[in-house]
Amino acid sequence: MSPDISSYPESKLMVWDMKLMKLQKELPLLANSGCINCCSYNHNGHLLITGFSDGKIRIFDMQRYESLLSWKAHSGQVFSAQFSPDENSVYSMGEDGKFCQWSIQQVGQKINELPIHNGATGPFVVSGYGGYKQEQIPCGKLFAFDPSGGHVMTCAMNGSIVYEVDDDRFESTLTILGHKTPVVSVDWGSTMNTGMCLTGSMDGRLRVTMLLTH
């Protein structure tokens, strides 16, 4: 079900100078665009991709501080979005349970819809004795590419699942376990060939896993 974006407070997208701890710029947003759930820079910081609760992806030009591109990406909220490793496309996960790849050159054109496992896009749930239940709406990094762009790590129950990404193939190759609750955020070391993976779970635990290369 799509959210009632009129119920959200006015969103703000601000750029801060971390050396001076000073607000540098507030970027213009359309009225009633909803809540900003995620944002991520490209490699040189010139572009910023954002995912909104109205289901749209918006890309900002960070040199001109203005909206550059936008399109409807998901039915429901966009939970996580980032540029592909080669920055020729955009990947996103949404409330509709879909993991999609989008063209940047042809705005709004879906290149691929990837067959992700159930639960990868949340909501994340922990149940216990006596009817105890805790549910968390996604608010972290739901997927992360390795530095080569050949693999992507995703959130899963008690761990993460790594998929191999190719032009004509997308398949699970590895499951990383070790958590007692659902993993809600993942990341991959940015240095080539380090094999370092980070997984964070609902119980507040962060695990570092080193993957051996063959």
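Phe99 has a relative accessible area of 0%, so it is buried; buried here means under 20% relative accessible area, with exposed over 50% and partly exposed in between, using a 1.4 Å probe and protein chains only. This is a predicted model, in which local features need pLDDT of at least 70 and side-chain atom pairs count only at pLDDT 80 or more, while totals for chains, interfaces and linings use all residues. Residues are numbered from 1 along each chain as its sequence is written, and side-chain values use heavy atoms, with hydrogens and water left out.

What does the ring of Phe99 pair with, for instance Phe170? The ring centres of Phe99 and Phe170 are 6.1 Å apart and the planes are at 65 degrees, so this pair is edge-to-face. It links distant parts of the chain, with Phe99 in strand 9 (residues 99-103) and Phe170 in strand 16 (residues 169-177), 71 residues apart. Strands here are DSSP runs of E of at least two residues, and helices are runs of H or I of at least four, numbered from the N terminus. Phe170 is also buried, at 13% relative accessibility.

The pairing rule takes rings of Phe, Tyr and Trp (its six-membered ring) with centres within 6.5 Å; planes under 30 degrees apart are stacked, over 60 edge-to-face, and the rest tilted. That gives 7 aromatic pairs. In one of them, Tyr91 and Phe99 have ring centres 5.8 Å apart and planes at 45 degrees, so the pair is tilted. Tyr91 is buried at 6% relative accessibility. Ring pairs join Tyr91, Phe99, Phe143, Phe145, Tyr163 and Phe170 into a cluster.

Next, the strand that holds Tyr91. In strand 8 (residues 89-94), 6 of the 6 residues are buried, so the strand is largely enclosed by the rest of the structure. In a regular strand, side chains alternate between the two faces of the sheet. Here Ser89, Tyr91 and Met93 point one way, Val90, Ser92 and Gly94 the other, and all are buried.

Now the neighbours; two strands pair if DSSP finds at least two bridges between them. Strand 7 (residues 78-83) runs antiparallel to strand 8, joined by 5 bridges, and Ala81 stands opposite Ser92. Their hairpin has 5 residues between the strands, and Glu87 in the turn has a positive phi of about 65 degrees.

On the other pairing, strand 8 and strand 9 are antiparallel over 5 bridges, with Ser89 opposite Ser103. That hairpin has 4 residues between the strands, and Gly97 takes a positive phi near 80 degrees.
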